[in-house]
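Welcome! Take a moment to look over the sequence and the model below, and then we can walk through a few of its features together.

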Amino acid sequence: MGEVDQVIAQRLDSSVPLVGQISQYIIAAGGKRLRPALLLLTAGALNYQGTQHHNLAAVVEFIHTATLLHDDVVDESTLRRGRATANEAFGNPASVLVGDFLYSRAFQMMVDANDMRIMQTLADATNVIAEGEVLQLMNMHDASLDEAAYLRVIRSKTAKLFEASARLAAILTQSSAEVEDACATYGQALGTAFQVIDDVLDYAGNSAEMGKNIGDDLREGKATLPLIIGMQRGTPEQAATIRHAIEHGETEKLPQIIDIVRSTGALEATQQAAAAEAQRAMDALQRLPVNAYTQGMHQLAAQLLERRT
């Protein structure tokens, strides 16, 4: 990860000061660096001996950071990782344009790998992520959204870059199609579990721990899994309360809605859905070599269920 951070620092260099300033601002905010870590772990599991994985790990972090910049503008978010979002600090136009810079820099960097399959994987992933963003926008304030539609957004918007990160390691090591598919499955399942837990935390966490405002999803009109299950299991009156809040993006009744998702068992059911995805990730590891790296990947999936931030 130290090598990856060096690549990130080198490739953030720009002759336009504001580009570097905003890029450094959001990357210096920390974050879990899960996607680059996943690529490095998978490359280690498959005994990769080169250095291109450092470059590609930085690429996936740049793509992820670009999506965060654009996401926060679309969602009008003010807080991320415990401090003001880039759009709050620098304004929407600068955030969107620097997000574009990070996307284009990522594409410059992926050319360095000189591998058409790597470029195809990352180009496809970036396109699917963009489709997921639009799909989520279309679903805003739609209280009729079901679990299948919810998962479709997650698999596009969040899990696709996890999937690509793991797949890239298999491509770098010229692994068999079976191993590549196993890596991709692990990444997709891990990314899905990560986002489902994130949606649990919006109703079970607190702002200080999470570094974002509790109830943001509701304010944005997102029908996440805790709300979907809460409407299914609650009384007609409880379902109507949640439905009205989603349709109007209201957070006035947030304490009441938190009580509904807890009392109906919706949070536990959502956690079980995340656990099923984490188990799917761990099952996929059976097709990979047994070593310290795959043990780390197994531990990562297992510990995801204990996530609080």
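The largest cavity in this predicted model holds about 60 Å³ of space. A search of the whole structure finds one cavity of 30 Å³ or more. Ten residues, written as 10 in the count, line the largest cavity, and those closest to its centre are Tyr25, Ile26, Ala29, Arg80 and Ala84. Helix H2 (17-27) and strand S2 (83-84) are the elements that each give two or more residues to this lining. By type, the lining has five nonpolar residues, one polar and four charged.

Now turn to a pair of helices. Two packed helices are described by the angle between their axes and the distance between the axes. Helix H10 (residues 177-204) packs against helix H13 (residues 225-233) at about 70°, and their axes are 8 Å apart. That angle makes H10 roughly perpendicular to H13. The table shows who takes part in the contact.

| Helix | Residues in the contact |
|---|---|
| H10 (residues 177-204) | Val196, Asp199, Val200 and Tyr203 |
| H13 (residues 225-233) | Leu225, Pro226 and Leu227 |

Six of these contact residues are nonpolar, one is charged and none is polar.

Charged side chains come next. Side chains of opposite charge can pair when their charged atoms come close. How many salt bridges does a search of the whole structure find? The search finds 15. One of them joins the side chains of Arg155 and Glu277, at 2.6 Å from N to O. Arg155 belongs to helix H8 (residues 147-157) and Glu277 to helix H16 (residues 266-284), so this pair ties together parts that lie 122 residues apart in sequence.

Methods. Residues numbered from 1 in each chain as written. Predicted model: local features only at pLDDT ≥ 70, side-chain atom pairs only at ≥ 80, totals over all residues. Heavy atoms only, no water. Axes fitted to C-alpha atoms, helices over the stretch in contact; angles between N-to-C directions. Helix = DSSP H or I, 4+ residues; strand = E, 2+ residues; numbered from the N terminus. Parallel < 35°, antiparallel > 145°, perpendicular 65-115°, else oblique. Contact = heavy atoms within 4.5 Å. Nonpolar A, V, L, I, M, F, W, Y, C, P; charged D, E, K, R; others polar. 1 Å grid on protein atoms, 1.4 Å probe; cavity = no way out; pocket = protein on both sides within 12 Å on 5 of 7 lines; lining within 4 Å. Points joined across faces, edges and corners; volume = space filled by probe spheres on them. Salt bridge = Lys/Arg side-chain N within 4 Å of Asp/Glu carboxyl O.
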